[in-house]
Amino acid sequence: MKSTLVRLLGAAVLAGMAAMGVARAEELKVGFVYVGPVGDYGWTFRHDVARKAVEAAFPGKVKTTFVESVKEGPDAERVIRQMAASGNKLIFTTSFGFMNPTVKVAKQFPAVKFEHATGYKRTANLSTYSARFYEGRAIIGHIAGRLSKTGVVGYIASFPIPEVVRGINAFTIALRKVNPEAKVKVIWVNTWYDPGKEADAAKALIDQGADIIAQHTDSPAPLQVAEKRGVKGFGQASDMIKFAPKSQLTAIVDNWNPYYIARTKAVMDGSWKSEATWAGIKPGMVKMAPYTNMPADVKAEAEALQAKLASGEVHAFDGPIKDQSGKEVVKAGEHLDDKTLATMDYYVEGVDDKLKK
Amino acid sequence: MIMLERRRETSRVMKFASPLLALVLTVISGAALFGLLGFDPLEALYQFFIAPVMTSYGIAELLLKATPLILIGVGLAIGYRANVWNIGAEGQLIIGAIAGGAIGLALHGVDSVLVLPLMIAGGILGGMAWAAIPALLRTHFNASELLTSLMLTYVAELLLTWAVNGPLKDPDGFSFPESKMFHDSASMPLLLEGTRLHGGFLAALIVVLLGWFFISRSLPGYEVRVTGSAPHAARFAGFSQTVTIWMTLLAGGALAGLAGLFEVAGPVGQLVPKISPGYGFTAIIVAFLGRLHPVGILFAGLLVALSYLGGEMAQITLNMPLAVTGVFQGLLLFFLLGVDILLTHRIRIGHIKPRSAS
């Protein structure tokens, strides 16, 4: 009895808010929940660039809001819910750890559309999206294989989730196609963004003989260390060339702009549907920063590989591929399927690390 | 010339006036800060202090957010009164969450009313076990609990990382480092339909009462206070320092572990790599803000929770940057703690008159 009353009251409040929303004309409110600071120059920064692109694409018709540095854990659900309660009709939650909170809030606000980055749970009003960053990792792996003199490449990793493991593997496969003796040393820093920890990891890897540093964390700190120590590195998520003008070879650039604009438009014209998007170099969700600080022939090879990955002629996980124990996981002439890639929890041959299980 | 002069005795007026004075100072300087940055000061203050509690859902969120702060704050205050400096409540919280959460996962699908009490016991014992390590190191090797309890926090974080990447990982979770969602029988009962407020808040209120009784009315509480304020007298009276250290650390660990279990069995609903946004550390501020008194801690916990909710609200509704909301939170804490000096000191304006030579 009491719960019915509460529900009725809640429905009345919601209806009232909806009416207010209508009264405020056709401006569509779009919310963004970020895991890091917008000034990280990496992951969150690129989502925020796309948020601004949405505002620019629909002048006067869209109003965006964001909350930055939202902790994954009990706080996330409140922030996402508050976003929905404040009249946002489309909400992007841009970190894996926001998955279950987003699912819970999506259930409470069926009229609001939700978009969750890198997760796997979908409902009628909750889509998921991610980019095939591993295609970019194959390109930088190739470059590292051509340029490393020591044959030891350092890799700074965040959390052992499939996304990160897949990146290490794509990088290692491409690296060893060029230099079969090369090895990848991995340091797990257990954070997406901590310039201090990331820099320490870069120093440790260089001290262990790495002359190229790759990273799957969000700050430019490892590149700055590389610049100072005279080794090469790759930018993460955005073009970080101004932090390491002599050191950055290229960067894997996240480009969410077209997707965010398309999804906003879909909500505006009523064609929005819940779906799973996983796009790579071809539609431009993954872009490469200009190839610099390398000989012309290596640059030409990188550009050629990029074109082949886009056309589908080359797949980053083309067989034959062996895992760490030497067992063949894909035969020659085939490539790993999306399902295996999405749940990847093993290393390929050549990774000088043991995966925690 | 403005000078601070020591009072002969603690001011009774200031005991109540100082928090109000701090609030006034915060509001004035906050309004100035917001105005300078181009925000409407009144609107900003409204978003910080009023808007978060304008709905029943908002009030429920406030109480939910304050629950771990109050629980841990009371536990820490008992220790701080005895000069036992446990600053590792964050670690004790994590271990409590792992221990209680593991029990819930082991009994996944078991529909019994006993599941939750078992998890709660696991949370309390887990927190106590983690706090027992600094107690042992202090009483047997005289190692400072300040350092050992803090350092064990990092160990606890890594243990949690290991647990959710290994034995407690959801087998159907696409290799992501998270446990299964807890079964209904392993989740805290909700106090208010449609919100996330759960029974843990009632537990926090009971803990405030018990904490007050322990500190003010019980003999062990008296021993704790004497050990803290007059260690020599305590020794003379035959109070054992070893007992005090064990008792206060275990109490702090138990409450932190309980808070951790409430988080995972409540709003989070599963074990994830990051359970607490630093409640164990924030609770240290809450304990001092509440002047180490359980009732004071209750209010301090609510106020700090409100400042977090207000910060989020200002970001969402006014697009205020996180850095600004953080500075405002800092101002609030700074004034609240800073103004407390007026309890023991008074401000004198003008020249100091030389004391009469008599």
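Is A:Met268 buried, partly exposed or exposed, and why?

## A:Met268

This is a predicted model. A:Met268 is partly exposed, because 16 other C-beta atoms lie within 10 Å. A residue counts as buried at 20 or more such atoms and as exposed at 12 or fewer, so a count of 16 falls in between.

A:Met268 sits in helix α9 of chain A, which covers residues 257-269. Its C-alpha atom is 7.4 Å from that of A:Leu28.

## The nonpolar core

The largest nonpolar core holds 204 residues. Four members touch the most others: A:Val33, A:Ile168, B:Ile72 and B:Leu255. Helix α3 of chain B (residues 56-81) gives this core its largest share, 15 residues.

Which residues does B:Leu255 touch, leaving aside those up to four places away in sequence? The partners are B:Leu71, B:Ile72, B:Val74, B:Gly75 and B:Val207.

## Helix α3 of chain B

α3(B) is 26 residues in length. From first C-alpha to last, α3(B) reaches 36 Å. That is close to the 38 Å expected at 1.5 Å a residue. The helix is mostly covered, with 24 of its 26 residues buried.

Where does α3(B) kink? The kink lies at B:Ala66 and is about 30°. Just past the helix, B:Asn83 takes a positive phi of about 60°.

## Domains of chain B

Chain B is divided into two parts: domain 1 (1-39 + 320-352) and domain 2 (63-318). Taken over C-alpha atoms, the centres of these domains of chain B are separated by 30 Å.

The contact takes nine residues from domain 1 of chain B and eight residues from domain 2 of chain B. On the domain 1 side, seven of the residues are nonpolar and two are polar. No charged residues occur on that side.

## Where the chains meet

Definitions and conventions. Residues numbered from 1 in each chain as written. Chains lettered and ligands numbered in written order. Predicted model: local features only at pLDDT ≥ 70, side-chain atom pairs only at ≥ 80, totals over all residues. Helix = DSSP H or I, 4+ residues; strand = E, 2+ residues; numbered from the N terminus. Core = buried A, V, L, I, M, F, W, Y, C linked by C-beta atoms within 7 Å. Contact = placed C-beta atoms within 7 Å. Expected span 1.5 Å × (residues − 1). Bend = angle between axes of the 7 residues up to and from the residue. Domains from an automatic or database assignment. Nonpolar A, V, L, I, M, F, W, Y, C, P; charged D, E, K, R; others polar.
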